[in-house]
Every structure is written in structure tokens, then in C-alpha cells.
Amino acid sequence: MDCAQFEEIVHELDRPGTQGLAVRDAALIHAEACDRCAQLMTEAESLDFSFQLLGTCDIDLEAPPRVEAAVLQAFRRHKIDSSRKSIPWRLAALGAAAAVLLAVGLLLRHDANPIHSAGSPLQTALSQAAFPAAAPGSSAAETDQNQNEDSEYETAYVSLPGASDPATLEGGAIVRVVLSRSALLSLGLPVTDAGAGDRIPADLVLSEDGAPQAIRLVSQRNNNE
Amino acid sequence: MAEAMELTDDGLVRRMIAGDEEAFSLLYRRRHPAIYRFALHMSGNTAVAEDVTQEVFMALVRDTKRFDPSRGTLGGFLYGIARNHLRKRWEQDRRLVALIDDDVDSPPSNGNVHHYGNRTSGNGFHANGNAQDNGNGHHPASLSRDEFASLETISRVRQAIATLPENYREVVVLCELEELSYEEAASALDCPVGTIRSRLHRARALLVEKLREAQPVRRASAVGE
């Protein structure tokens, strides 16, 4: 170790975790051989001793109790202010949550109403029967969805002679029947398919008392389609 | 309370954020002496040290969430706030013009200590090396020669530290008097560890020079006795 290196580390010979402490032995050997560096080391040690004295002298220094009282008061005031400030936010959050719940409720109700108002497939069938001209294709598609019968297609419902007013009907059922071509023709249904067999499946709408109200033809889709 | 005593600073801060006054009180008692001593050594004035200590903890109350444990210790965070407050005060004070300069015998300084460090008028440290308001000083007449010599040494070192430039003084206070590691001081002063090391090295060299200069005066006065 030379004098320049010694000067570099002389102030941290006793400081944990520093370069000076790591080379302390080499520094002491150098100081024994160099009067100038020995003098520097003595001064550094004196300074350390003075710092220790000063540190010990000041160890009990602390702010007077009035400072603690003031900061504790500030803490309490801040706590109250914070809780006051948070009340409008809490109310706003509650209001927002209530609005969301209301919106969700209305949406669910809106979705649920058509089920009740549109009614069952029976009601659909009866309304179709009342207005046979109304888009048979789309009605058939809706019925498809309701009955989940993807493998078949149907005509629109046709009101049967002697059927009641659909608006006055309550209850009832739709039954799948198989009728002869001649029977269907006698009911006025357009059974013109040349490939159709003698017995044709159909959906028959019955009122609550079992009287037939409307009918539609059903045909199985060709598996090759 | 015993449970709270075992908590780390970070744990106490979390409880403080949740509004726990006991946690804040414990945090204050644990941390304020070091902040007070730092402010006192930096300003040389007990009133300023009290104000700064109070401001530091008020700032902690107001902006607790600014403390990020991943960026450093709470101690470093508090020292940083104290340092900023001291600088603000010095900036404000530089704009003032002293009407009566009753500190003409005080050593030359960087302009900061001159305003606050009136060590003979009772605003700062007594000649025996203790701060005025804490009542733990002894009358010099009751001291042995060795004790008096120690107190004289303390007083001289204290005075020498007070005359250091601010950036050297804060490193001496943190690393030598508060015994922070280079890393902790670097975190508190928001600068690289190498800067702390070089500043401390330079500050110690300056202090040795100042104390060496003071020695012949004492020896001369001793010869004259």
C-alpha cells in the first residue's frame, strides 16, 4: 500500500462494510513505516473519538412533548377529514351500485316478459293460424328455434274450420300426428309434393277442451342436405 | 401496544394508513429523535429543529402513500423530507436581512448556520455541548478537568461540523453521528453511494483541518495561564 491508497481509506478503517476495513492490516503496516500516514491515522482516530463523544452526548436529544402533541392532533384531524371526504364517495359508489342493479333487473325483466307475453309454442301457433299470410318462412324458423327441431321443416299453421278466436284460447297443446294425404287435402292443406308418402306428419293445435284449432305440415329434412 | 412494538416501520405505516393512532404514535416515538437531531445539527437551532420535526411528521400524515418501501427505508424517506424543509427555510431566510448581527464571533459558514446557529444566545447548543431545551446539561464548574476537556472537544467538533458546507455537513451528520451506512445515507440524500463516500472523505479532511487550526489557539491559551 502506498500513501495515496492509504489516504483514500484512512477515514474508513473502522467502518463496517467498507473497503478501508478490508485492507486495515495493510494500512496499519504502511502507517508503521510512514510518519506522515501515521499522523493522518492518529487524526482520523481522534476524529472518530470526537464523533463518538458527540454522538453519545446527543443520544438523548429529542423534540419536546408539544411537538408530539401537535402531530398527534394533526393525525386525528386528518383522520376525521379523510372519513368526511370518503362519505360522498361511498354514497356515490352505493348509488352507482344501485343503478347497476336496477339496470340489470330491468334488463332481466325485459328479457323475461316476451317469454310470458309471446307465450308458449301453442300461442305462437295460434297467432300464426290467425294470420296465415304472415311470413311463413320466418314463423317456421321461429318455431324451429322454440322446438329445437333442426332436422325438420314445417309449413305455417293453418286455421281449421270451426276454430275458436285465438285471443280467447287459454291452455291447450300441440301434438304431432300422422295423417293420410286425403285427410289433409280435405282440410284444404296444400299437399302437392309428388314425393310425399300417403301418410304425412303434422302438428295439430288443440284447445284446452281438445278441439283441433290449427294444423301445419311437417317434413323430415333429407339427410343428404 | 407490545404487539405494535414488534412491528416493522412498514407494518406501522400500513396500520397508520388504516387510521391506527397508536401505530402513528409509536412510529413518531421511534423515528423522531433521529430526525430532530439531524435538523438540529443541520440548523444549529432547537426551534428550527422542532419545527422541522413537526413538519416532517405532518407531511407523513398528509402524504403517507408517497412512502414506497420498495424505494427505501422509512428513515431515509423522513430524512429526505427533513432536508427539503431545511432547504426551504434557508431559501426563505436568505431573502431576509438581519438588522442586528449579534453573532460576529461565530465561525464563517456557508450562510445557513449563520442565521440559525447563535450558540451564545441560547437558541442552539450550550457551551457544554448540549441542546438548551433538554435540560440534560451540567454546569461546567461541577466537572472534572477530563470531563471539561471532553465537553470542550465536543463543543469544538460541533462547531466545526456546523461550519461545513451543507452537502458535507449532512453526510457527516448521517454517517458519523447517526451511524448510517453509506447505502442508507445515499438513499436518504438521494444520491449515489460513491458520492456519499467522496463527500464524507472530503468532509472529514476539512474537519481535521479545522480542528488542527483550533489546536494552537488552545495550546497558546494554556501556555498563557
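This is a predicted model: local features need pLDDT of at least 70, side-chain atom pairs count only at pLDDT 80 or more; totals for chains, interfaces and linings use all residues.
Next, select helix α2 of chain B, residues 9-17, in which B:L12, B:V13 and B:M16 are buried. If you look down the axis of α2(B), these buried residues fall within an arc of 100 degrees, and they therefore line one face of the helix. An α-helix has 3.6 residues a turn, so residues three or four places apart point the same way. Just after α2(B), stop at B:G19, which takes a positive phi of about 100 degrees.

Now turn to the largest nonpolar core, which has 69 residues, and colour B:I35, B:A39, B:A82, B:V171, B:V172, B:C175 and B:A185, the members that touch the most others. The element giving the most to this core is α3(B), with 11 residues. Centre the view on B:V171 and, leaving aside residues up to four places away in sequence, you will find that it touches B:A185, B:I196, B:R199, B:L200 and B:A203. Another core, of 10 residues, lies apart from the largest one, and its members include A:I174, A:L179, A:A214 and A:I215.

With both chains shown, select the contact between them, where 36 residues of chain B meet 26 residues of chain A. On the chain B side, the elements that give two or more residues are α3 (21-43), α4 (46-62), α7 (145-162), α8 (166-177) and α10 (193-224). The largest share of that side, 9 residues, comes from α3(B), and by class the side has 15 nonpolar, 13 polar and 8 charged residues.

Finish on chain A with helix α4, residues 35-58, whose 24 residues reach 35 Å from the first C-alpha to the last, close to the 34 Å expected at 1.5 Å a residue. Showing side chains along α4(A) lets you pick out its buried residues, namely A:C37, A:M41, A:A44, A:L47, A:S50, A:F51, A:L54, A:C57 and A:D58.

Key:
Residues are numbered from 1 along each chain as its sequence is written. Chains are lettered from A and ligands numbered from 1 in the order in which they are written. Two residues are in contact if their C-beta atoms, placed from the backbone, lie within 7 Å. Helices (H or I, at least four residues) and strands (E, at least two) are DSSP runs, numbered from the N terminus. Ala, Val, Leu, Ile, Met, Phe, Trp, Tyr, Cys and Pro count as nonpolar, Asp, Glu, Lys and Arg as charged, and the others, Gly among them, as polar. A nonpolar core is a set of buried Ala, Val, Leu, Ile, Met, Phe, Trp, Tyr and Cys residues joined through C-beta atoms within 7 Å. A residue is buried if 20 or more other C-beta atoms lie within 10 Å of its own, exposed if 12 or fewer, and partly exposed in between; C-beta atoms are placed from the backbone. The expected span of a helix is 1.5 Å times one less than its number of residues. The arc is that of the directions from the helix axis to the C-beta atoms.
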